[in-house]
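Me: I am new to this structure and would like to learn how to read its features. Please guide me through them in turn.

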Amino acid sequence: MKIQNLAFLFLLFMCQSFAQTPDYGLYIRTFPLFKEYTSMPLEDGKAFEWKGKEFAIDFQVYVRNENVFGSICRLITDKQENIGLMFGNDDNSRRRPMLVIGNEVYFIEKDIKTDKWLPVRLTINPEKNTVTLHFDGKEISASSQKIAVAKSASVFFGSCPLHGYTRDAVSVNLKEISVLRNQQEIRRWTMMFHNGNTTYDELEQRPATAQNSEWLIDKRISWNPTGMLSFSKRPSITFDANSGSFYAACDNRNLYKYHCSDNTTDTIRVKGGEYIATPTNQLMYIPQEKTLLAYNIDEQLFATFNFSTRQWESKRSPLHEQSYSDNTTNYNPADSTFVSFGGYRQYRYNNELILGHPWKPDTPFQRFPLDSIVPRYSSTSVIVDDTLYIFGGRGCPSGRQELSPHNYYDFYAIDLRTRHTRKLWEVKTPPGQEDFLPRNNMVYNPENQCFYFFCNEAEGVLRQIDKHRAHFEDVSLPLEKLADAQCVYTNLYFSPRQQKLYLASIYTNSEDRYILKVYEMNYPPIIVKNVAYVERKSLKKSDGNYGMVILSVCLFLLIAGSGIYCCHRRKLRKKNMMRETSLSELATDSASAPPIETVEATEEITKTGIYLLGTFRVIDKSGEDITSLFTPTMKQLLVLLILHTGGRKTGISGQKMIQLLWSDKIEESAKNSRNVYLSKMRNLLDKIGNMQLSGNQSAWSIEFGEKTCCDYQEALNLFQSPKRLREQDIQLLKVLLHGVILPDMDAEWTEPFKSSFTDSTINLLCEWLESDQWADDIKLKMTDLLFQYDPVNEVAMRAKCHILYRQGKKGPAKVVFDKFCKEYVEYLGSNYKYLFNEIVR
């Protein structure tokens with residue numbers, strides 16, 4: 001309990017340290033955008049019946065400063081009476097929240113807080129003829145006969161589109177809208193996911209469609225323009241990650257420093273020296289030296305800028321304009337070298353790795369042809385721990401421009417100490433995507449072990465890859481097109497201090513001007529498809545799976561430093577300790593068991609153990625979640641040991657362990673790393689409890705005692721049981737409903753284990769879905785899980801459509817079918833052969 005209190009105080013401190021920023025929900029557009037007011041009726045204006053019982057609307061509101069006047073929420077009854085929450089002036093001209101019933105207003109004596117999420121509940125009690133408004137901890141109630149004669153109401157947020165009502169609306173953001181009847185939740189719109197203008201409720205997939213919508217979550221996947229500079233000549237640009245500033249230079253006269261934080265530009269008058277860079281962007285900022293470095297590969301020249309004297313310092317001036325272009329460059333702080341790969345020069349592509357020594361101007365450049373990589377230009381690269389990672393480009397084996405060049409989508413790792421080159425993976429054509437070229441430099445995310453690069457598809461998209469598998473994920477929406485302009489240069493940058501990604505693009509326009517546009521995005525970015533609407537199963541708010549859906553996105557937001565999520569994360573984490581699975585009390589004799597009515601069976605995930613299904617987590621012997629103690633390497637080592645111990649496996653050898661986890665180290669260093677991590681692992685396993693790490697060089701394994709568990713091993717044992725009893729089937733389903741195995745780990749060595757487990761799960765769930773031994777609500781949970789493993793599983797689609805259609809939910813059934821057909825085309829490249837009516841007949 002003390003630990004929980006300390007954690008809460010820490011998160012409270014974090015909330016005070018960072019500004020609270022809304023990250024998901026609906027942005028209500030209001031004054032002065034008269035023609036673009038936002039209006040959102042729930043269920044397209046369909047009335048909710050009160051059924052003579054207590055009826056409530058519960059939501060969270062974030063008040064912005066633009067227009068703190070007008071309506072937030074209106075309920076229009078079947079008698080055309082108006083009940084709602086508005087902001088207005090009281091008799092003392094103070095802005096206050098007020099409850100409105102017809103023409104009567106009731107003020108809450110409380111100042112309106114802005115830039116903070118506030119809880120709101122509007123409750124109607126037909127039995128008592130009362131309306132109660134709870135707003136930010138205060139409440140007010142009023143009686144009215146208008147409640148007695150009404151039986152239902154339509155709900156509108158933002159501007160009310162109905163005739164006879166003012167369009168004035170408060171500038172707010174909305175999220176987490178719930179509708180309750182007799183204190184039972186019947187609808188829930190989290191507002192985290194949307195499909196165009198429409199968001200769907202989590203319980204019945206009912207729509208709420210907004211007019212003039214703007215979704216906050218889209219800002220997490222959109223490039224936000226911060227500033228623009230214009231030049232008469234094409235500039236070279238670079239970025240200082242510490243200050244969050246861009247430098248631009250065109251000639252010997254001026255140097256420009258653009259500050260992203262306040263959109264201001266300083267002009268530095270250059271007093272002398274020779275600026276050796278040419279228009280193909282040969283400029284970089286060296287943070288270790290706090291200086292600018294210009295370079296000329298043709299003539300092997302470097303020049304640094306002395307900020308004290310405001311002069312360029314170089315050995316000599318270039319004799320010719322550089323012809324080398326479209327290479328990818330980095331600075332390696334480990335040995336203070338300039339690193340270049342590939343590029344284009346005099347109608348030829350090359351595959352040279354070039355190393356230069358800026359601080360040793362008399363040392364000639366070193367050139368190493370990387371024969372295992374096809375000559376190319378327009379690759380993207382980044383240096384991580386003395387390894388140069390290179391992705392993609394355009395070229396051909398001969399290096400000759402005239403001999404049919406094409407795009408490459410391959411990923412390489414080059415050891416800069418030995419020049420040893422490894423191909424990590426390659427695809428011939430990105431599946432489902434057009435050809436694209438990456439741009440200049442990648443950004444590496446060590447926490448998620450992935451890489452981000454910007455490419456030229458659809459005006460420009462940020463994409464994510466990793467080194468373990470050939471897989472692309474979009475992590476931004478396309479960049480908006482700049483009218484009457486052509487892009488000539490783009491690069492991606494990261495500022496750890498600001499926790500932002502920056503994109504700088506240089507355009508040329510019809511007036512022969514060069515435009516530098518700078519964009520920003522919060523770090524780390526979110527995978528676009530994770531915030532698009534997908535149909536989700538009905539869940540209660542206390543359901544751990546509901547918490548997992550929210551947590552999956554909130555973890556991204558937490559890393560970005562959002563204060564509100566520092567608080568919210570603690571709440572969600574507490575929810576995740578309870579995972580409710582709606583299962584049946586089944587008869588032991590399955591042959592005679594009729595279809596079952598479901599009951600609620602609560603399983604607490606406070607049991608000591610390690611969980612690999614769904615989100616990876618570890619619970620110690622006192623019931624505390626200690627997942628955060630496992631660094632990425634410790635997590636990989638633990639998973640490696642469990643996978644090689646589960647089922648009938650006997651462990652993993654020390655040598656194999658090195659090959660999988662420390663292959664980048666020399667033998668002695670790798671052995672030391674392995675021994676150190678095994679020692680740390682023993683200490684962590686002691687915290688968990690009744691577990692033991694045992695073995696020697698021939699085989700290492702993990703043994704679980706009676707009071708500890710591992711859901712993966714439990715599922716394996718149940719899978720391999722020759723004759724499972726009914727109770728064992730129930731337990732196996734409970735375990736499987738934790739989620740997909742290791743969804744956040746893509747290491748190549750996990751694939752055989754994940755593939756085998758996935759096949760067993762899919763086969764079993766398909767068998768269960770085609771039987772009559774489970775109730776419909778449980779089968780719906782099975783279909784949701786099946787879709788996580790296999791988005792084009794026809795058995796799951798047919799079962800879910802049949803069940804929903806039979807329950808009268810024809811719209812949601814059609815949504816399931818349409819989504820399946822879309823996924824079918826994307827995965828298999830052809831249209832699904834059956835129609836919806838053929839599936840549900």
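Reply: W425 and F472 are both buried, where buried means under 20% relative accessible area, exposed over 50% and partly exposed in between (1.4 Å probe, protein chains only). This is a predicted model, in which local features need pLDDT of at least 70 and side-chain atom pairs count only at pLDDT 80 or more, while totals for chains, interfaces and linings use all residues. Residues are numbered from 1 along each chain as its sequence is written, and side-chain values use heavy atoms, with hydrogens and water left out.

Me: How many aromatic pairs does a search of the whole structure find?

Reply: A pair of aromatic rings is described by the distance of the centres and the angle of the planes. Rings of Phe, Tyr and Trp (its six-membered ring) pair if their centres lie within 6.5 Å; planes under 30 degrees apart count as stacked, over 60 as edge-to-face and the rest as tilted. The search of the whole structure gives 51 aromatic pairs. In one of them, the ring centres of F239 and Y493 are 5.4 Å apart and the planes stand at 45°, so the pair is tilted. This pair links distant parts of the chain, with F239 in strand β18 (residues 236–240) and Y493 in strand β41 (residues 485–495), 254 residues apart. Strands (E, at least two residues) and helices (H or I, at least four) are DSSP runs, numbered from the N terminus. Both F239 and Y493 are buried.

Me: Why is the pair of W425 and F472 edge-to-face?

Reply: The planes of W425 and F472 are at 90°, with the ring centres 5.8 Å apart, so the pair is edge-to-face. W425 and F472 also belong to one aromatic cluster, whose members include Y389, Y444 and F453.

Me: Which residue has its charged end over the ring of Y408?

Reply: A charge sits over a ring if NZ of Lys or CZ of Arg is within 6 Å of the ring centre and within 35 degrees of the ring normal. The charged end of R376 sits over the ring of Y408, 4.8 Å from its centre. R419 lies over the face of F368, 4.1 Å from the ring centre.
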